[in-house]
Amino acid sequence: MQVEIAQIDTTRTFENLLIELRGTDPAYTYTLVPERVDVTVRGGIERLAEVTSDLIRPRVDLADLGPGLTSVRVSVALPSGVQSDSISPSSITVTIIERVETPEEDQEENPVDIPAEDDIEPSE
């Protein structure tokens, strides 16, 4: 007699997970709509009981994207023994805007050398 023990698979949903940005360029600012997604994963009951939300990492790849409005597909990094069942929403809208330096940023990069009071010679 031979007995097989089958693993029972189930699903578990992790809600409101913040999307990670990959491949960003410091010359741009990025706005995501929405910024968070729900991820449903599938795996063995015991394995899913060990999984926490910080191990489920939704992300979007923004490499090679320039300024404008675009739709991007969300992917997810998962721990071993777990598979993605669904991501909701599966795509998000990303607005990419070129950064513009403000006068304050210019001043920080090019500081003005102002002498301290002790360095100023009194005039007669």
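In strand β9, V33 finds its bridge partner in T93. Strands here are DSSP runs of E with at least two residues, numbered from the N terminus. The model you are looking at is predicted, so local features need pLDDT of at least 70 and side-chain atom pairs count only at pLDDT 80 or more, while totals for chains, interfaces and linings use all residues. Residues are numbered from 1 along each chain as its sequence is written, and side-chain values use heavy atoms, with hydrogens and water left out.

Strand β9 covers residues 91-98, and six bridges join β3 to β9, the two running antiparallel. Two strands pair if DSSP finds at least two bridges between them. Together with a further strand they make an open, antiparallel sheet of three strands, in the order β3-β9-β6. Its edge strands are β3 (28-33) and β6 (68-73), each of which pairs on one side only. On average, neighbouring strands of this sheet are turned by 30 degrees against each other, direction ignored. For such angles, axes are lines fitted to C-alpha atoms, and values run from 0 to 180 degrees between N-to-C directions.

Now for another sheet. Three strands form an open sheet in the order β2-β5-β7, this time with mixed pairing. Why is one side of β2 and of β7 left without a neighbour in the sheet? Both β2 (20-22) and β7 (75-77) stand at the edges, each with a single partner strand, so one side of each has no neighbour there. From one strand to the next, the twist averages 40 degrees.

Finally, look at β5, residues 57-61, which pairs with β7 in the antiparallel sense over three bridges. Here P58 has V76 in β7 as its bridge partner.

Technical notes
Helices (H or I, at least four residues) and strands (E, at least two) are DSSP runs, numbered from the N terminus.
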